[in-house]
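Let's take a walk through this one together. Have a look at the model first, and then we'll start where its parts meet.

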Amino acid sequence: KAIVQIHHGGAQSLPYLTSNGDVAAPSPITLQSFDEKKEHHAREMTHDEIEQTITAFGEATRRVIEAGFDGVEIHGANHYLIQQFVSPYYNRRDDEWGENRLKFPFKVVDEVVNTVKAYTDEKFIVGYRFSPEEAETPGISMEITEELVKNLMEKPLDYLHVSLMDVHSKTREGKYQGEERIKLLHQWIDGRMPLVGIGSIFTAEQALEAVESKNVELLALGREILLDHNFINKIQNGKEDDIISKFDPNREEKHDLPPNLWKQFNDGFYPLPRTDGK
C-alpha cells in the first residue's frame, strides 16, 4: 500500500520556501526551525485562513485519490501546524480555535474523511499521526494526548501513528510520569484501531522486541530505512546479520543517500548510532 502523508508546517515552515517569506501559525511566535541559521517570526492565522487550510487538507486528499494512491496519513505530529493547534505552547488564541484546541485537528479529520466518501470507497486508508508529549512549557502532556486519542477513536480512522524518537520512551512528567508512552497509548486505544509505533529501531532484534511487546500492531521505520533500504528484504531472506544498523561516514556508496541528506546525517542533524562513535 502507498499512503501519502499530508501536512502543513505552520510555524515550522521555512520562510525561504513560502510565498513572500510569509509564515503563519495558530498564534504569533518567533522560533528557529530545523537547520535554519537564525530565528524567524510566524504571524497569527486569521479565521478565514484556518478555514481555508482545513479545506486545503480535503483538496490534498482529493489529489492523492486521483493520483491513484491507497490512502493518506494526516500529519498531526512533529511540531507542525495540526500539533501546534493542540499545543498550549503554540496556541494561545482566545477565540473558538483556542478555547477548544482540539477543534482544528478534528475539523481536518472530518474534511479528509468527507472527501474520501465523496471521491472514492471505504478501501481508501486514512491514518492520523501525533506526537504524545512536548518538551516546551506549557506544552502537550500525556493527559492532553489521552483526550486527543480517545476522541480520535470516535472518528472513522483506520489507524493511529505515534511519533517517537524511541519506541520505548517514557512519559516526562504529570500523573503518567515514568510510564512507557506506547504502552499507555495501547491501553487507551484498547484494540479499537491499530497503533503504529516508531523510534530507534535499527536491528531485526529491536524490531522483533517491539512487535512482541504487544504494544503495537504495526511498526514503522524511518532513520533505519535510510541507513539500509534493504532492511525488510534482508529479514525476509534470513540475512539479519547483514543489516546496516549504523551510520558510516566513510561508506563509499554513502548509504545510497542523496547529497543533502547525506550531509545532514554526517553533520549529526539526525540522532543515529554511528561507526565513529560521534
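Sort the residues on the domain 1 side that touch domain 2 by class, and you get 6 nonpolar, 2 polar and 2 charged. As for salt bridges between domain 1 and domain 2, the count is 0. Keep in mind that this is a predicted model.

Now step back to see what those two parts are. Domain 1 covers residues 3–245, and domain 2 takes up 246–277. Their C-alpha centres sit 25 Å apart. In terms of contacts, 10 residues of domain 1 meet 14 residues of domain 2.

How much area do domain 1 and domain 2 bury between them? The figure is about 1,000 Å², and 68% of it is on carbon and sulfur atoms. On the domain 1 side, Arg 223, Leu 226 and Leu 227 stand out: this trio supplies 48% of the area that domain 1 buries against domain 2, more than any other three residues.

Leaving the interface, let's turn to a sheet. Here 3 strands make an open sheet with mixed pairing, running in the order S2-S4-S3. Strand S2 (24–25) and strand S3 (29–31) are the edge strands, each pairing on one side only. Zoom in on S3 and you'll find that S3 pairs with strand S4 (residues 40–44) in the antiparallel sense, over 3 bridges. To pick out one spot there, Ile 29 has Ala 42 in S4 as its bridge partner.

How values were computed. Residues are numbered from 1 along each chain as its sequence is written. This is a predicted model: local features need pLDDT of at least 70, side-chain atom pairs count only at pLDDT 80 or more; totals for chains, interfaces and linings use all residues. Side-chain values use heavy atoms; hydrogens and water are left out. Domain bounds come from an automatic or database domain assignment. Contact means heavy atoms within 4.5 Å. Buried area is the accessible area (1.4 Å probe) that two parts lose on being put together, summed over both. A salt bridge is a side-chain nitrogen of Lys or Arg within 4 Å of a carboxyl oxygen of Asp or Glu. Ala, Val, Leu, Ile, Met, Phe, Trp, Tyr, Cys and Pro count as nonpolar, Asp, Glu, Lys and Arg as charged, and the others, Gly among them, as polar. Two strands pair if DSSP finds at least two bridges between them. Helices (H or I, at least four residues) and strands (E, at least two) are DSSP runs, numbered from the N terminus.
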